[in-house]
Amino acid sequence: SEDKLQKIMEIERQLNEIQDVDVLLERILTETRRIVNADAGSIYVVEEDRIKIKYGQNDTHLKELAPGEKLPYSCFSFPINEKQICGYVASTGKSVNIKDCYEIPESEPYKFNKNSDIMTNYRTKSMYTFPLKNANGQILGVLQIINKLDENGTVIEFDTEDELFIGHFAVSAVQALQH
């Protein structure tokens, strides 16, 4: 764990030197995923009453691309409400750690939308979604990390330590969004 902390401090030093917000957000997503060993992730930004995907990364899809080909990156936005995981996190300000997106209890207000999995032939399993809020508690965006992998490449759930590391990077993301 001490290794990880040193890595984080080094990354944060580098992040502080990046002036371009877009470059910075993409880098935060990359580094957060690397620290917790997640296959995929996205950053969403809040725009008035909607939430919009800003970056999406997926290593599994990346490996399947022909050289020079880019990921089909759909830019979509949706209203902020509790029916979708990102909307729930954006409207309540609470983070959500899901072990398996296909087995969310009926009692939860949100559902996982399988459409993008179906379209891209992917299986989203473990997911940690974290609100990016400023000091006043205003939600600026959402950081979503998907499919943590163990040494063998098997998808496992995100643990408390991962939540701490992700929370740590979220602070840098918030600072970037505020600029």
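**Exercise 1.** Are tyrosine 128 and phenylalanine 130 buried or exposed? Then describe how the rings of tyrosine 128 and phenylalanine 130 are paired.

*Solution.* The model is a predicted one. Buried stands for under 20% relative accessible area, and both tyrosine 128 and phenylalanine 130 are buried. A pair of aromatic rings is described by the distance of the centres and the angle of the planes. For tyrosine 128 and phenylalanine 130, the distance is 6.1 Å centre to centre and the planes stand at 45 degrees. Planes under 30 degrees apart count as stacked and those over 60 as edge-to-face, so the rest are tilted. The pair of tyrosine 128 and phenylalanine 130 is tilted.

**Exercise 2.** Work out how helix 2 and helix 6 are oriented to each other, and which residues meet.

*Solution.* Start with the angle: helix 2 and helix 6 pack at about 175 degrees, and their axes are 10 Å apart. An angle over 145 degrees counts as roughly antiparallel. Helix 2 and helix 6 are therefore roughly antiparallel to each other. Next, list contacts: helix 2 brings residues including Leu25, Ile28 and Thr32, and helix 6 brings residues including Phe165, Ile166 and Phe169. By class, this contact has 12 nonpolar, 2 polar and 2 charged residues.

Definitions and conventions: Residues are numbered from 1 along each chain as its sequence is written. This is a predicted model: local features need pLDDT of at least 70, side-chain atom pairs count only at pLDDT 80 or more; totals for chains, interfaces and linings use all residues. Side-chain values use heavy atoms; hydrogens and water are left out. Axes are lines fitted to C-alpha atoms, for helices over the stretch in contact, and angles run from 0 to 180 degrees between N-to-C directions. Helices (H or I, at least four residues) and strands (E, at least two) are DSSP runs, numbered from the N terminus. Angles under 35 degrees count as roughly parallel, over 145 as roughly antiparallel, 65 to 115 as roughly perpendicular and the rest as oblique. Contact means heavy atoms within 4.5 Å. Ala, Val, Leu, Ile, Met, Phe, Trp, Tyr, Cys and Pro count as nonpolar, Asp, Glu, Lys and Arg as charged, and the others, Gly among them, as polar. Rings of Phe, Tyr and Trp (its six-membered ring) pair if their centres lie within 6.5 Å; planes under 30 degrees apart count as stacked, over 60 as edge-to-face and the rest as tilted. Buried means under 20% relative accessible area, exposed over 50%, partly exposed in between (1.4 Å probe, protein chains only).
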